[in-house]
Amino acid sequence: LIHETLYQSRNLSRIDFALYASNLVDRLAGSYLGAANHVSVDVPCEEVCLPIDLAISCGLIVNELVTNALKYAFPDGRRGHIEVSISYDRQEQQFCLKVADDGVGFPSNVNLDDPVTLGLQLVTTLTQQLDAMISMDNKDGTTFRIYFAVPEERCDA
């Protein structure tokens with residue numbers, strides 16, 4: 001998917017993350033055919049270009065968190081919604097990557113500082129590589145927010 005996105009890009013060092021995230025989430029949702037009937041996905045991303053190394057790390061985080069939501073957040077055909085977004089806060093000069101679902105939530109004993117599952121270990125390791133901060137809200141589903149800084153640039157630059 002990274003190669004496809006690069007092929008469509010004018011700038012080979014940066015990726016239109018909105019397009020990339022939308023395609024990634026669509027493919028993930030399509031791969032879980034059972035979920036397609038009862039889980040909706042939305043990717044309301046701002047137009048944001050990321051350096052390719054950051055885009056790959058963010059894509060891996062999105063892949064892990066969305067896959068986890070599709071597999072576990074909506075048991076027994078429960079209806080639900082997953083949202084993936086990225087936005088830039090000009091005042092704070094940082095991006096916020098958000099992956100949220102309105103599913104059953106994570107178990108209360110999950111600790112992001114010492115994750116026991118391979119998936120969350122991957123997410124926290126990638127977050128560290130981004131020199132980012134991660135938060136998890138487990139109210140009314142699960143919401144992960146990853147905050148990181150990168151020089152702002154438009155996709156058409």
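**A first tour**

Me: In which strand is glutamine 94 found?
Reply: This is a predicted model, and that holds for every answer here. Glutamine 94 sits within a strand. That strand covers 94-101. Its name is β5.

Me: What is the relative accessible area of glutamine 94, and how does that class it?
Reply: Buried means under 20%, and exposed means over 50%. Glutamine 94 falls in between, so it counts as partly exposed. Its relative accessible area is 24%.

Me: Which residues is glutamine 94 in contact with, leaving aside neighbours within four places in sequence?
Reply: Glutamine 94 can also be placed against alanine 132, 38 residues apart along the chain, with 9.6 Å between the C-alpha atoms. The contacts of glutamine 94 are Ser87, Tyr88, Asp89, Tyr147, Phe148 and Ala149.

Me: Where is aspartate 76 found?
Reply: Aspartate 76 is another residue other than glycine with a positive phi, near 55 degrees. Its relative accessible area is 83%, so aspartate 76 is exposed. It is found in the loop between α4 and β4.

Me: Is serine 85 buried or exposed?
Reply: Serine 85 lies in strand β4, residues 80-89. Beyond four places in sequence, it touches Pro44, Cys45, Cys96, Leu97 and Lys98. Its relative accessible area is 12%, and the cut-off for buried is under 20%, so serine 85 is buried.

Me: Which residues does serine 57 touch, not counting those up to four places away in sequence?
Reply: Serine 57 lies in helix α4. At 11% relative accessibility, serine 57 counts as buried. Its touching partners, with those close in sequence left out, are Leu126, Gln129 and Leu130.

Me: How many Å separate the C-alpha atoms of serine 57 and valine 123?
Reply: Along the chain, serine 57 and valine 123 are 66 residues apart. Both take part where α4 meets α5.

Me: Are α4 and α5 roughly parallel or antiparallel to each other?
Reply: Two packed helices are described by the angle between their axes and the distance between the axes. Helix α4 (residues 52-73) and helix α5 (residues 118-129) pack at about 155 degrees, with axes 10 Å apart. Angles over 145 degrees count as roughly antiparallel. So α4 and α5 are roughly antiparallel.

Me: How many nonpolar residues does the contact of α4 with α5 have?
Reply: From α4 come Ser57, Leu60, Ile61, Glu64 and Leu65, and they meet α5 residues including Gly119, Leu120 and Leu122. By class, this contact has 4 polar residues and 1 charged residue. Its nonpolar residues number 7.

Me: In which handedness does α4 pass α5, and in which does α2 pass α4?
Reply: Each helix pair has its own crossing. For α4 passing α5, the crossing is left-handed. For α2 passing α4, it is right-handed.

Me: Are α2 and α4 roughly parallel or antiparallel to each other?
Reply: The axes of helix α2 (residues 17-31) and α4 come within 10 Å. They cross at roughly 30 degrees. Angles under 35 degrees count as roughly parallel. So α2 and α4 are roughly parallel.

Me: How many charged residues does the contact of α2 with α4 have?
Reply: In α2, Phe17, Tyr20, Leu24, Val25, Leu28 and Ala29 take part. They meet α4 residues, among them Ala55, Cys58, Gly59 and Val62. By class there are 11 nonpolar and 3 polar residues, and the charged count is none.

Me: How many helices and strands are in the protein, and in what order do the elements run?
Reply: The protein has 5 helices and 7 strands. From the N terminus on, the order is α-β-α-α-β-β-α-β-β-α-β-β.

Me: What share of the residues counts as buried?
Reply: The protein exposes about 8,600 Å², and carbon and sulfur atoms supply 47% of it. The protein has 157 residues. The buried share is 43%.

Technical notes. Residues numbered from 1 in each chain as written. Predicted model: local features only at pLDDT ≥ 70, side-chain atom pairs only at ≥ 80, totals over all residues. Heavy atoms only, no water. Axes fitted to C-alpha atoms, helices over the stretch in contact; angles between N-to-C directions. Helix = DSSP H or I, 4+ residues; strand = E, 2+ residues; numbered from the N terminus. Parallel < 35°, antiparallel > 145°, perpendicular 65-115°, else oblique. Left-handed = near helix turned anticlockwise from the far one by under 90°. Contact = heavy atoms within 4.5 Å. Nonpolar A, V, L, I, M, F, W, Y, C, P; charged D, E, K, R; others polar. Buried < 20%, exposed > 50% of the residue type's maximum accessible area, 1.4 Å probe, protein only. Areas by Shrake-Rupley, 256 points an atom, 1.4 Å probe, with all protein chains shown as cover.
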